[in-house]
Amino acid sequence: MDRTKIFMSKLAASEELREGTAESIAEASTQTSAEAVPRRPEDLLDIVSENLSRMGERDASMTTQADAPEFGSADWNRARDMLLQSAKATLVRAIGGEEPEADDGLVAEAVVIADGTRPSFLLCNDSVASNDPFIGNWGGELAAAELAGYKKLAKAVGRLQPQHGHASKFVGTGALMSVSDDELSGKVLTNWHVIDDARNKFGIGMSAQGDGLVVDDPMFIDFKGEACSLDTVLFKVVDVAFPVGAGRVFDGIDAAVVTIVRADGDKEFPEPVDSMSTDPGYANGSMTSLATIGFPAKPSRSNSTVDWDFVLGTLFGNRFGVKRLAPGLFSEALGANPGDTGKRAIGHDATTFGGNSGSPVFAWLDGQTPVFALHFAGRTEDNNYALSFAKEAVPLKDVGVPLAP
């Protein structure tokens with residue numbers, strides 16, 4: 001698995017973790033020699049442990065959840081120790097050239113997040129907190145991304161959910177692309193499969209209208225959805241349009257455009273996404289650094305011999321289904337996945353869980369933070385996939401996606 005390889009080589013280079021930038025760490029991922037793996041697993045585990053401690057110390061100021069585990073409690077310490085013990089065993093196997101075990105990919109994923117190399121930053125007031133324990137070497141990139149305008153983009157990203165939805169009851173993510181001239185409606189981009197799940201998993205009634213759907217039952221998007229706030233910015237979903245060739249995951253163009261109207265008093269629409277780009281440089285690997293904004297749900301680890309629900313839930317404060325920014329790198333070329341017969345998906349390695357479906361993938365260090373792809377699938381310990389706007393520009397434009405070169 002690609003994420004496991006990252007863990008074994010790129011992330012395990014302890015000196016580079018301490019001193020390198022995201023770009024220098026990326027260069028280390030091409031190393032395959034023994035020098036790419038540390039002689040002392042404890043070096044990496046020290047970083048993880050330090051970050052977890054800082055995270056626990058500021059739990060109270062970043063969440064409104066009463067059931068978040070207390071830092072230093074028996075449960076919190078047990079989860080930390082389970083992660084560190086498993087990570088040490090995985091690293092020892094890697095150094096010794098042994099075959100990986102079933103849980104090694106899951107261990108890799110937890111360490112990828114906890115050592116700060118592929119973090120998932122909580123957003124509060126559309127911004128990453130300056131004291132976030134996982135900033136580590138990302139401080140410079142976050143400052144550059146703030147200048148580029150990621151806060152404005154964050155305001156345009158919302159959580160699609162049924163009536164009375166919340167962080168534990170939602171369908172996926174969407175981003176506001178445009179607002180009508182009379183400011184009575186807006187258009188949101190999400191996945192085809194998010195709409196399909198809304199109908200079939202959440203029972204939200206919809207009826208056919210031409211090539212699209214009318215949403216008969218209440219469905220909403222909340223443009224707030226932050227861990228630090230009880231506020232909502234709700235708009236109602238009224239209809240859906242699909243591009244020609246739409247389908248689930250790799251079966252078609254996994255995209256949908258939904259129309260929204262005011263539902264929460266006189267609240268104003270957020271400013272829509274500034275830039276949605278078909279620049280080939282964002283799809284051919286020449287642009288490597290990227291990020292997503294979305295609402296990762298609690299991951300399921302029921303088939304593992306380790307209770308990863310408990311480990312991840314406890315160590316990360318049980319804060320799932322709230323708005324997060326996750327940086328990462330371009331990882332796979334168009335059509336690299338065998339299931340992608342349409343050769344329309346690029347791979348990336350930003351940390352995502354279920355609920356991130358529909359998240360915008362954007363060049364977070366470029367001016368205007370251009371969105372260039374739509375996240376739709378992946379396994380967190382392997383690869384994630386996103387629909388390339390450059391590849392499917394025509395059908396997307398036909399349903400109102402405001403794409404530019």
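## Helices and strands

The protein contains 12 helices and 16 strands, where helices (H or I, at least four residues) and strands (E, at least two) are DSSP runs numbered from the N terminus. This is a predicted model, in which local features need pLDDT of at least 70 and side-chain atom pairs count only at pLDDT 80 or more, while totals for chains, interfaces and linings use all residues. Residues are numbered from 1 along each chain as its sequence is written, and side-chain values use heavy atoms, with hydrogens and water left out.

## Burial, surface and contacts

Of the 405 residues in the protein, 58% are buried; buried means under 20% relative accessible area, exposed over 50%, and partly exposed in between, with a 1.4 Å probe and protein chains only. The protein exposes about 16100 Å², and carbon and sulfur atoms supply 48% of that area, as computed by the Shrake-Rupley method with a 1.4 Å probe, where for residues only the protein chains shown count as cover.

Among the contacts in the protein with a separation of 6 or more, 70% come from residues 24 or more positions apart, a contact being heavy atoms within 4.5 Å.

## The disulfide

The structure holds one disulfide, a term that stands for a pair of cysteine sulfur atoms within 2.5 Å. Its partners are Cys-124 and Cys-228, whose sulfur atoms are 2.1 Å apart. Because Cys-124 lies in strand E1 (residues 121-124) and Cys-228 in the loop between strand E8 (219-222) and E9, the pair ties together parts that are 104 residues apart in sequence. The torsion about the S-S bond is about 105°, so the disulfide is right-handed. Cys-228 counts as partly exposed, because its relative accessibility is 23%.

## Aromatic pairs

Rings of Phe, Tyr and Trp (its six-membered ring) pair if their centres lie within 6.5 Å, and planes under 30 degrees apart count as stacked, over 60 as edge-to-face and the rest as tilted. By this rule there are eight aromatic pairs. One of them is the tilted pair of Trp-192 and Phe-242, with 6.5 Å from centre to centre and 50° between the planes. This pair links distant parts of the chain, since Trp-192 is in helix H10 (residues 192-200) and Phe-242 is in the loop between strand E9 (234-241) and strand E10 (256-262), 50 residues apart.

Trp-192 counts as partly exposed at 22% relative accessibility, whereas Phe-242, at 18%, counts as buried. Elsewhere, Phe-223, Phe-235 and Phe-269 form one aromatic cluster.

## A hairpin

Strand E6 (residues 206-209) and strand E7 (residues 212-215) pair in the antiparallel sense over four bridges, where pairing requires that DSSP finds at least two bridges between two strands. Gln-209 stands opposite Gly-212 in E7. E6 and E7 form a hairpin with two residues between them, and Gly-210 in the turn has a positive phi of about 60°.
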